[in-house]
Amino acid sequence: MVNVGSPPAPRRSEGADRLGPSLPGSRAVPGRGEEVEETLKRIQSHKGVIGNMVVNAEGIPIRTTLDNSTTVQYAGLLHQLTMKARSTVRDIDPQNDLTFLRIRSKKHEIMVAPDKEYLLIVIQNPCE
Amino acid sequence: MATKTPKRGKKAARGKKAQNLTLPAGEETEPVNMESMGHPEIYPLVLTTKTQEIFKCRVEEDVTDEQPYKLINKETFFEDFKNRGPISDFYPVKKIIQEYPGEELLLVYDKDFKYGLNFYLIGTEEGKENYLNPPEVPEEQEEHKDYISEELYIYKPPVSKPWVSLGSEKEIEEESVKESTKQIRYMISRKRSRFGAPIKFSDQNASYVKDAYIECTAYPDKNFTLKQLEKDISMQVVPEIKDMSTQTKWTYPKNATTQYYPREFSEKEKKVLQQSKPLADFLESVSVSVEIALQQNEITNTFIDDWKSLAEDEGMFGDKSDTHLKEYQSFTDLHSPTEKMITCVSWHPTIYGLIAVSVAERLSFEERVHFSGKLLLQPSLILFWSFSDPIHPQLMLESPDDIFCFKFCPSDPNIIAGGCINGQIVMWDITAHADRIENIKSGGSRSKKAVLKPMFILEPDSNKEAMYIRHCAVSSIENGHKKVITDIHWLPDTFEINRVGSVFENRNGICCQLVTCSADCTVCFWDIRPQKPSTPQPTEKKKEESIEIPFDVPSTFLHLDLSWKPISKEGEVIYTDWKMERDPETGRLTTKKPVSLYTVHDGAVHTVQRSPFYNDIILTIGGWNVAIWKENVMSGPLLQSCCAPKRYTSGHWSLTRPGVFYIGREDGYVDIWDLLEKTHEPALSQNICITMITYIKPWTFSSKQQFIAIADYYGTLHILEIPWTLSRPSTNEMSSVNHYFEREVKHLDYVEQRKIIREEEKNEMELEKEKKKVKTYQKSKEQIEAELKADYESYLELEKSVLIHLGLIKLSEKMSYIDL
């Protein structure tokens, strides 16, 4: 099983690191798919989580636990919002970058973890 | 220069010294004098400082305010003339000085520039004398005047004095008008006969006749041509302006639409992407922070305002410990001859204090048939009661037969639909009286002439008398129900249903469809709009469809929502979907089979009601107990009460508290259940009347006032006020009740699972038992064999011993045996 040797601390904008030793995406490694599954399942099992989805850099959903129409809507809207938030942060200080975006509403909280290529969106209902 | 001097003299200001200096220089004309001012002897002069030094008339030294003059000898002047000649300041007045009779001339310093210049010379002896010795007449005159004011005035006739010319005759001469030219005189004569003769005028063209006119043509006279050498012109710079115009091409408007759909990956692509390394890396790096965030939310809700949630209720209105329903008012119809009971109660949706009650005869079926003749004469009514008048009903709606249930139309509170005992549906329209009943609260002492409409029959007016209103539409007896209509509901104004049973969105926004269910096992949908082809009765209802319920127990009440639950008399609750499907075999329209069937209540179920707070919680009341159901939970009711001592006859959810409902019993008691207090018995039980309660309906008027209308079997309607504690929900009551229901659901699940487990256990136990049985069976088989063998051996022994005994076998043989 190929083990990704990076420590679990979140790393930003170091694509070279990943792209260097990484293989092109078409090579399918069975271990990775499982890891992805496992991580997403773990996230989904948290208390109050309504759904989650992984969206690519253009806002096209890759994987989701919600129904299609909802997913597409969330993906489109949040993708734009994340881009806007990121550009805001970088306009103020070009050395800075967006690491996490949390939107709290009356009914639930939407968390967006952006990255260079993907977005992880989690919707949680925080109230007991 | 001569013309300018008078003007100059009159200007008393500082004067134009510069002008003055230039003009006298080098001119041998007449000296300037002040003749114009009436002092021809005064010659103003400018003396320079040099001159002043020469003549010793320096300003402020030789000539001062006290002595502003100086007498100067003639010879001094002549010397000055000799020395300085034309530049001498006195040159202009040289002539005067030469002609001066006396020896000394008076030079006066004109400090105030009275004559325009700083010095002046007096040219006559007289003037000099006058100046030096001013006449004392003015002073004398002043003295004289003062003196005389005390004495009598003595009249002195005016004495004519010789006229002294002061220059005025010159002015008069100038002003007077004289003829400058001599007048020419003409004398013209003609013969006398010519005068007065008739004259004939005719036109003549002047240019044809010679010498008919004389003209003075204008000609440019060279003497008067002026060549303008200078001209004042103003110029302005302006930018170059160009006028241009354009026009856009007008194209006709066109409708254009766009449609988009989101980009999506195909399944294959998704799979590929999911396997990719970048995604895995991304998730790994990101999942930590996401999980931290998720856990934060789980631990605590950081946005709760603790201060606010600490507070319980706002100031209590009324006594906190008061939990009883207080009697507010009660209404009875005293006019009706027979005994009536109230079958249905409904509050007016918009008007405060108005409640409608349907009364019916309190007779059983046989009695009805028996008295049918008498009953026909008496009208069956719906009465409108108002809080302001407990004796007289405000309005009475007539119907052909006893009404069993009725409802106000939600979108138009002036339309009421009711279902009769004979299966007809009746409708009333009280728009004409709407304003009358709206103003009921104001005492009703207005005598207003109501406009008569042909549909309504009004009794002769006296305000205290209630109005009888006849129905305005009735369903036909052949097409309607065959038995009593047990419940009627208006379809909410967003739904519409057509003949096939599919639900449409109602564009009108008004309720136009009714659902009724009756004891003949049918549910009918009615549409009250007029049919498309014009019919003589525009308000006739048309029946849309009827759903046959494929069982032969009559249905009682139904409560309407997207999928409804009709109830059966035997206490069964059925849950079906109302869609109609085409039966593929016969092509008829049939309903779906009922989904589930429960027997819960052991008496007639008469109330099914959705909770006003939760969409999927339903209360059913019937027989001796109460049940609460949740939709989609098929295993059973969430709560089922134990049997009560008395039958439950009516019930209703509370409108403001999610966990409270009211149930009426047949002995006149009202049970108030509070799910948060006790779930096994009512929280409060209160006696209202002595007879069976037929209907309960609470209503909220404001946050502080809530009423509950309880109708009983004897025809009295009681209005009670709900106390504060029962009407006001606590802050998190909704979530608590929700929790309770969820717990119950879980409990049901658990019970289900337990059942399954028990089943399994049971099976297991059975299996074991089976196994055990099998094993024992096997064992006994061997045993039997062993036993058989042992028997056989013992038998052989026995045989041998018998033979020996008989002596048939010898001992030696015996010994061989023994040896063996």
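In chain B of this predicted model, strand β3 (residues 104-109) is joined to β4(B) by four bridges. The two strands run antiparallel. Within this pairing, Val108(B) has Tyr120(B) of β4(B) as its bridge partner.

Strand β1 (residues 42-45) of chain B also pairs with β4(B). Four bridges join these two strands, and they too run antiparallel. Here Pro44(B) has Tyr120(B) as its bridge partner in β4(B).

Now look at the side chains of β4(B), which spans residues 119-122. Phe119(B) and Leu121(B) point one way. Tyr120(B) and Ile122(B) point the other way. All four of these residues are buried.

From the N terminus on, their order is α-α-β-β-α-β-β-β. Of its 128 residues, 41% are buried. Its accessible surface comes to about 7200 Å². Carbon and sulfur atoms account for 55% of that surface. Among contacts in chain A with a separation of 6 or more, 41% link residues 24 or more positions apart.

How do the two chains meet? In chain A, 52 residues are in contact with 34 residues of chain B. The area buried between the chains is about 4000 Å². Carbon and sulfur atoms give 61% of that area. Polar contacts join 13 residue pairs across the interface, counting pairs with both residues at pLDDT 80 or more. There are two salt bridges between the chains. One of them joins the side chains of Arg42(A) and Glu291(B), at 2.6 Å from N to O. Several elements of chain A give two or more residues to this side, including α2 (30-44), α3 (68-92) and β5. The largest share, nine residues, comes from α2(A).

One residue shows the interface in detail. Gln124(A) sits in strand β5 (residues 118-124) of chain A. Is Gln124(A) buried or exposed? Its relative accessible area is 1%, so Gln124(A) counts as buried, the cut-off being under 20%. Its neighbours come from both chains. Among the residues it touches are Lys47(A), Val49(A) and His108(A), along with Leu294(B), Asn297(B) and Glu298(B). The side chains of Gln124(A) and Asn297(B) form a polar contact of 2.8 Å. A polar atom of the Gln124(A) side chain also lies 3.4 Å from the backbone oxygen of Leu294(B).

How values were computed: Residues are numbered from 1 along each chain as its sequence is written. Chains are lettered from A and ligands numbered from 1 in the order in which they are written. This is a predicted model: local features need pLDDT of at least 70, side-chain atom pairs count only at pLDDT 80 or more; totals for chains, interfaces and linings use all residues. Side-chain values use heavy atoms; hydrogens and water are left out. Buried means under 20% relative accessible area, exposed over 50%, partly exposed in between (1.4 Å probe, protein chains only). A polar contact is a pair of N or O atoms within 3.5 Å; within protein, one must be able to donate a hydrogen and the other to accept it, and residues adjacent in sequence count only if both atoms are side-chain atoms. Contact means heavy atoms within 4.5 Å. Two strands pair if DSSP finds at least two bridges between them. Accessible areas come from the Shrake-Rupley method with a 1.4 Å probe; for residues, only the protein chains shown count as cover. Buried area is the accessible area (1.4 Å probe) that two parts lose on being put together, summed over both. A salt bridge is a side-chain nitrogen of Lys or Arg within 4 Å of a carboxyl oxygen of Asp or Glu. Lists of a residue's contacts leave out its neighbours within four places in sequence.
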